[in-house]
Amino acid sequence: MKHISVEEFKKVIEGAKQDSTVDFINVCTTPEYDEKHIPGVRSVPLDTLEQHLNEFQTKKTIYIHCRSGMRSSRAIELLLELGVSAELINVEGGILAWEHAGFETKAGG
């Protein structure tokens, strides 16, 4: 499983936000996402990943994060089992590491 630091992830978001072949997903629950999330990252809760498989088929790279890194690791394992061929990258430390680095979060959906 490939990992990326939040510092590297911030650079990727800024550089690839217009690239339709790259996706940024937060696999936290909807209430957790609404409480705070990384701008530019969309909500796809872990328990709904299978419902989004069609969206992932057109992606070359998918960056996945959660609160601390546990659920994002599980999400990557699940997506691999479901046959997603995109490169799946886990954001180390999730939103906790993002905040610890002093980066901006956003509230609301």
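1. Both faces of strand S4 are covered, with Thr 61, Tyr 63 and His 65 buried on one side and Ile 62 and Ile 64 buried on the other. Five of the five residues of S4 are therefore in the buried class, where buried means under 20% relative accessible area, exposed means over 50%, and partly exposed lies in between, computed with a 1.4 Å probe on protein chains only. In a regular strand the side chains alternate between the two faces of the sheet. Strand S5 is also mostly covered, four of its five residues being buried.

2. This is a predicted model, in which local features need pLDDT of at least 70 and side-chain atom pairs count only at pLDDT 80 or more, while totals for chains, interfaces and linings use all residues. Residues are numbered from 1 along each chain as its sequence is written, and side-chain values use heavy atoms, with hydrogens and water left out.

3. The sheet is open and has five strands in the order S1-S5-S4-S2-S3, with parallel pairing. Helices (H or I, at least four residues) and strands (E, at least two) are DSSP runs, numbered from the N terminus, and two strands pair if DSSP finds at least two bridges between them. Strand S1 (2-4) and strand S3 (42-43) are the edge strands, each of which pairs on one side only.

4. The pairings can be followed strand by strand. S1 and S5 pair in the parallel sense over three bridges, and His 3 has Asn 90 in S5 as its bridge partner. Strand S4 (residues 61-65) is joined to strand S5 (residues 87-91) by four bridges, and these two run parallel; Tyr 63 stands opposite Ile 89 in S5, while the bridge partner of Ile 62 in S5 is Leu 88. Between S2 and S4, which also run parallel, there are five bridges, and Ile 25 has Ile 64 in S4 as its bridge partner.

5. Helix H4 (residues 70-81) lies across S4 and S5 and runs at about 170 degrees to S5. Contact here means heavy atoms within 4.5 Å; axes are lines fitted to C-alpha atoms, for helices over the stretch in contact, and angles run from 0 to 180 degrees between N-to-C directions.

6. Which residues of H1 are buried? They are Val 6, Phe 9, Val 12, Ile 13 and Ala 16, and because they cover an arc of only 110 degrees around the axis, they lie on the same side of H1; the arc is that of the directions from the helix axis to the C-beta atoms. An α-helix has 3.6 residues a turn, so residues three or four places apart point the same way. The cover over the buried residues of H1 includes S1, S2, S4, S5 and helix H5 (94-100), whereas the face turned away from the buried side carries the exposed residues Lys 11 and Gly 15.

7. Five aromatic pairs are counted, under the rule that rings of Phe, Tyr and Trp (its six-membered ring) pair if their centres lie within 6.5 Å, with planes under 30 degrees apart counted as stacked, over 60 as edge-to-face and the rest as tilted. Phe 9 and Trp 98 form an edge-to-face pair, at 6.0 Å centre to centre and with 70 degrees between the planes. This pair links distant parts of the chain, since Phe 9 is in helix H1 and Trp 98 is in helix H5, 89 residues apart. Both Phe 9 and Trp 98 are buried, and Phe 9, Phe 24, Tyr 63, Trp 98 and Phe 103 form one aromatic cluster.

8. His 37, in the loop between helix H2 (30-35) and S3, is buried, with a relative accessible area of 2%. A polar atom of the His 37 side chain lies 2.9 Å from the backbone oxygen of Tyr 33. Leaving aside neighbours within four places in sequence, His 37 is in contact with residues including Asn 26, Ile 95 and Thr 105. Ser 20, in the loop between H1 and S2, counts as exposed at 56% relative accessibility.

Note on methods. A polar contact is a pair of N or O atoms within 3.5 Å; within protein, one must be able to donate a hydrogen and the other to accept it, and residues adjacent in sequence count only if both atoms are side-chain atoms.
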